[in-house]
Amino acid sequence: MHQQELLHCVENKLHELGFPTHPRGYACLREVLVEDIHNPGQQVTKSLYPTAGKICGGNGAQVERAIRCLIKKAWLYRDEEVWVQLFPAKQGLQAECPSNKEFIAAFSSCILAEYREKDTYFRSIG
């Protein structure tokens, strides 16, 4: 997947999930997600956060905190129907907000699955 196409997919999915784009954590989250999709299996706190921190201007702890706040805010105002696609086990008002690691893993899997679907479709008609 090309960098621009991946960035577009990530931003569209974040928008669909109701993430506000203006907080600092948005840029950090976007960078972490893109990096995780490009290089799966990296350690979140040891690799992804510090990498995003260098790009966004901060350290790993600041990135982690910014992303956590952003996920909590999006979770609080979530559209249940949209979020249940990403987290089928976390339904209802009493469900707990996913951790950063859970969110990153589920989001990356979702984007990769959508890409594989799209790629298979275009190969079948091409």
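Reader: His 2 first. Buried or exposed?
Author: His 2 counts as exposed, at 63% relative accessibility. The cut-offs for relative accessible area are under 20% for buried, over 50% for exposed and partly exposed in between, with a 1.4 Å probe and protein chains only.

Reader: What kind of model is this, and how are residues numbered?
Author: It is a predicted model, where local features need pLDDT of at least 70 and side-chain atom pairs count only at pLDDT 80 or more, while totals for chains, interfaces and linings use all residues. Residues are numbered from 1 along each chain as its sequence is written, and side-chain values use heavy atoms, with hydrogens and water left out.

Reader: Back to His 2. Where is it in the chain?
Author: His 2 sits in the segment before helix 1. Its C-alpha atom is separated by 9.8 Å from that of His 38, 36 residues apart along the chain.

Reader: How many helices and strands in the protein?
Author: There are 6 helices and 0 strands. From the N terminus the order reads α-α-α-α-α-α. Helices (H or I, at least four residues) and strands (E, at least two) are DSSP runs, numbered from the N terminus.

Reader: What share of the residues is buried?
Author: Of the 126 residues, 37% are buried.

Reader: And contacts between residues at least 24 apart, what percentage?
Author: Among contacts between residues at least 6 apart in sequence, 61% join residues at least 24 apart. Contact here means heavy atoms within 4.5 Å.

Reader: Now packing. At what angle do helix 2 and helix 3 pack?
Author: About 130 degrees, with the axes 9 Å apart. Helix 2 covers residues 24–38 and helix 3 covers residues 44–56. Axes are lines fitted to C-alpha atoms, for helices over the stretch in contact, and angles run from 0 to 180 degrees between N-to-C directions.

Reader: What do you call that orientation of helix 2 and helix 3?
Author: Helix 2 and helix 3 are therefore oblique to each other. The classes are roughly parallel under 35 degrees, roughly antiparallel over 145, roughly perpendicular from 65 to 115, and oblique for the rest.

Reader: Which residues of helix 2 and helix 3 make the contact?
Author: Helix 2 brings Arg 24, Ala 27, Cys 28, Glu 31, Val 32, Glu 35 and Asp 36. Helix 3 brings Leu 48, Tyr 49, Ala 52, Ile 55 and Cys 56.

Reader: How do the axes of helix 2 and helix 4 cross?
Author: They come within 8 Å and cross at roughly 105 degrees, helix 4 being residues 60–76. That makes helix 2 roughly perpendicular to helix 4. Arg 24, Gly 25, Tyr 26, Cys 28, Leu 29 and Val 32 in helix 2 meet Gln 62, Val 63, Ala 66, Ile 67 and Leu 70 in helix 4.

Reader: And helix 3 with helix 4, what angle?
Author: About 90 degrees, axes 8 Å apart. Helix 3 and helix 4 are therefore roughly perpendicular to each other. Thr 45, Tyr 49, Pro 50, Ala 52 and Gly 53 of helix 3 make the contact with Gly 60, Val 63, Glu 64 and Ile 67 of helix 4.

Reader: Zoom in on Val 63. Buried or exposed?
Author: Val 63 is buried, with a relative accessible area of 0%. Val 63 belongs to helix 4. Not counting residues up to four places away in sequence, Val 63 touches Cys 28, Val 32, Tyr 49, Ala 52 and Gly 53.

Reader: What about Val 44? What relative accessible area?
Author: Val 44 has 14%, so it is buried. Val 44 lies in helix 3. Val 44 touches Tyr 49, Pro 50, Lys 101 and Ile 104, again not counting residues up to four places away in sequence.

Reader: Lys 13, then. Buried or exposed?
Author: Buried, at 8% relative accessible area. Lys 13 is in helix 1, residues 3–16. Leaving aside neighbours within four places in sequence, Lys 13 is in contact with Phe 107, Cys 110, Ile 111 and Glu 114.

Reader: Switching to aromatics. How many aromatic pairs?
Author: A search of the whole structure gives 7 aromatic pairs. In one of them, the ring centres of Trp 83 and Phe 87 are 6.0 Å apart and the planes are at 20 degrees, so the pair is stacked. Rings of Phe, Tyr and Trp (its six-membered ring) pair if their centres lie within 6.5 Å, with planes under 30 degrees apart counted as stacked, over 60 as edge-to-face and the rest as tilted. Both Trp 83 and Phe 87 are buried.

Reader: Which residues form the aromatic cluster?
Author: Phe 19, Trp 75, Trp 83, Phe 87, Phe 103 and Phe 107 form one cluster.

Reader: What lies over the face of Trp 75?
Author: Arg 78 does, at 3.8 Å from the ring centre. A charge sits over a ring if NZ of Lys or CZ of Arg is within 6 Å of the ring centre and within 35 degrees of the ring normal.
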